[in-house]
Structure formats: structure tokens, C-alpha cells
Amino acid sequence: MDNDTIRSLARMDSGGAPVVSLYLDVDGSRRVRPGDYQRQFEKLVSHAKAAAAGAAGAAEDLERIQAYVKGGLDRSGIRGLAIFSCSEAGLWEVINLPVPVRDQLVINQSPQLAQLELLAEQHARFAVLLADRQRARVLVVQMGEIVRSEERFDALPRHEDDGGDWDRDHVHHHQAAAAQRHLRRAATLAFSVFQDDGFDHLILGTPEEMVSELRHELHAYLRDRVATARPIPLAARDDEVRQVVQEVEEELRRSRETAVVGELREGLATGKAVAGLAPVLASLVERRVATLVVSTGFAAAGWRCPACDHLAGVGRRCPVCPADMDQVDDVVEEALGLTLSHGGRVVSCRDNADLDVLGRIGALLRY
Ligand SMILES: [Zn+2]
């Protein structure tokens, strides 16, 4: 999964034909046998057939997805599955995810991307630049997987190669200049990986005494992305590199959560934020939500208007238009989707006591 895939799905035009979006938790630790997730899938299908207006037109897509899910998945390294299908528009996209997803089957006129966007937001792309005086490695890691790996080697000149004509100082000077050229090439290698693959954060894995020199050689774009520096040995195994990335990701997540909840509390004092489900839904309907902040796992039953997308905690009459609203299992999930479709941002917080006290959900407002 990458941002290009999400963007091209978001741009996809079905010409009014129904698009089926499926998210299925296929995590082998929770759903041990294939029958476990297949049964869950059947439940989602019968639920969707009963609820969704476009279900009849999507029969072919549902069959195709069913054949895929029942066809024996290779689940190695895969904990979540996302499938988007619209046979009329020639869309068939299967995305295997190394992280679990929330079961969801939606039949709509466009792909339901809220979960994917949230995953992309939570699992930024990291690059790790390992460098010593003559070797360099660049690894790109996303969702705990190494998605790219590059190396370079610039041998330091050795004394024997000079035929012994040079004195010791000259050799040292020569070696230092070569080491610096190597760091420049290492920085260039990192930049070319950035241009090809893109990444959000860069971790410098060099001995401490080389950090500032390496930072100096980096392109300005990359200098802005340096998250931290850690002394990681060049010969580190892939799982050691992944472990460092996981730790840094966790630190960044915690500080992001603390910052956004702090902003929320300040906003509440100045009227630029709301907290609690009912005020958040009301602001969302007014399209005022810039950032939705929600406790991971928070869910609540509610209502959604099929005509105007109004979301509410109580139904059934839509307060905005003459239609009757539909009951939804989880109005929080709907709120996430609506925020993203309005161009807003979603921050999901794990175990943030300050947010829990505020009702587990809040929103920073545009105005
Ligand atoms: Zn309505």
C-alpha cells in the first residue's frame, strides 16, 4: 500500500456503478482457521445485502470477492485484507496489509478509503541511513516491512596502495577526504531513494561522531525529515533495523498524540474545538472539522442519513432534510470517513487519559 494507490482509488470514477469495498481481518493469531475469517466475510455480505441499496447491482463483484476470500489466501505476513471491486468500471484492487483492519463491507459509488487513509497516516514511511567511513545502507520501512534496501561501498585508500611514498599524516588526510566524499555519496544515495520512493522520516544510523557531518551532507529536504539519530551498526540485521524504526515510530506517535490532545484542550477553552460524540457529530455535519481526534477502539451505534450524510446519535428523523436516517453499527467509523472525505485529518490516540476524560472523541474546528 502506498499513497499513490490511495490517490488513484480516490480519483476513480465508477460512472454511477456500485463499488464494493471490503476490509477483512485475516490475522492468524485471532482467526486461526480460514473458516474463521470466511464466516465473518459471509456475515458482512448478508448484512450488506440487507442494508445497501446497490447490493443487487453489485452481485458480480460480491461473487468475485467471495471466490477470492474462499480461494485459500496465503496469509504469511498478512493480517488485513482490503479489496475494491467494480466490474463495470474495470476496478479490481487487492491490498494485503501487514496490520489488522476492522471488518467492513461497503457498497457505494466510490471506494471506501477511510481505513486505508488512517493506516497510511498512522504508519508513516521511514528511511534509515546507515553509514560508516566506507559503507552505506538505506532501508525504507513501512508498517514493519522493509520495502526497499540499497547499499554502497567506497573503499578507503589504504597505505599499502601508495607504495609507501606518503607519510602518515598525508595518508590520514587522504583517508579523511575519502571518508567525507563517501558520506556525500551516502547522502546522495538517500536522496535518490527519497526521489524514487518518498518517505516521511529519516533516521540517521551512524556513530555519534559522524552525525553532524552526515546531516551537513544531506539535501535540505532530507535534513527537514531527520527524526533522530541512533548508533546502529552497519551490519545490523533487518529485524534490528525494523526494531529501531518501531521504537522511533512509537515515540513520534506518543508526542503527536500528546500535542494534538493539548491543542484540543486549548481549543475547548477558546471555542476552537469541541469534545464528546454529539457536539463532534454536529460540527461534522456543518463541515467545520479540521482534525478529528478519537480514542482507538471507540465505537458507538448511531444514525446516518442516506440522502444528506447527516450523522446523529439519535434517529430516526433527519433534522436537516425530509428523509429517514438509517441505523449504523458504528457512527464513529462513519465520522472518520466523513472527516476524511471533507479533506480533514484524523488522529487516533491509544490510551490517552486526557482524551478519555473528554468523551473519547473531539474535534479541532476550521472556524
Ligand atoms: Zn438528511
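What percentage of the 367 residues in the chain is buried? Buried residues make up 32% of them, where buried means 20 or more other C-beta atoms within 10 Å of a residue's own, exposed means 12 or fewer, partly exposed lies in between, and C-beta atoms are placed from the backbone.

Before you start clicking, two notes. Residues are numbered from 1 along each chain as its sequence is written. The model is predicted: local features need pLDDT of at least 70, side-chain atom pairs count only at pLDDT 80 or more, and totals for chains, interfaces and linings use all residues.

**The whole chain**

**Where H4 meets H10**

Select helix H4 (residues 114-122) and helix H10 (residues 331-341). Their axes come within 9 Å and cross at roughly 75 degrees. Each axis is a line fitted to C-alpha atoms, for helices over the stretch in contact, and angles run from 0 to 180 degrees between N-to-C directions. H4 is therefore roughly perpendicular to H10, a label for angles of 65 to 115 degrees (under 35 is roughly parallel, over 145 roughly antiparallel, the rest oblique). Now show side chains: Ala114, Glu117 and Leu118 of H4 are in contact with Leu336, Gly337 and Leu340 of H10. Contact here means C-beta atoms, placed from the backbone, within 7 Å.

**Along H5**

Move to helix H5, residues 168-197. Its 30 residues reach 43 Å from first C-alpha to last, close to the 44 Å expected at 1.5 Å a residue; the expected span is 1.5 Å times one less than the number of residues. Highlight its buried residues: His182, Leu183, Ala186, Ala187, Ala190, Val193 and Phe194. What covers them includes strands S5 (126-131), S6 (135-142) and S7 (145-153), along with helices H6 (211-217) and H7 (220-223).

Most residues other than glycine have a negative phi, and most peptide bonds are trans.

- Met143, in the loop between S6 and S7, has a positive phi of about 50 degrees although it is not a glycine. Met143 is partly exposed, with 18 other C-beta atoms within 10 Å.
- Asp351, in the loop between strand S15 (345-349) and helix H11 (353-357), also is not a glycine and has a positive phi of about 45 degrees. Asp351 counts as exposed because it has 11 C-beta neighbours inside 10 Å.
- Gly315 and Arg316 are joined by a cis peptide bond, with omega about 5 degrees. Arg316 lies in the loop between strand S13 (311-312) and strand S14 (326-328).

**Last stop: Arg304**

Is Arg304 buried or exposed? Select this residue of strand S12 (residues 302-304): Arg304 counts as buried because it has 20 C-beta neighbours inside 10 Å. Leaving out residues up to four places away in sequence, Arg304 touches Leu311, Met325, Asp326, Val328, Val331 and Glu334.

Technical notes: Helix = DSSP H or I, 4+ residues; strand = E, 2+ residues; numbered from the N terminus. Contact = placed C-beta atoms within 7 Å.
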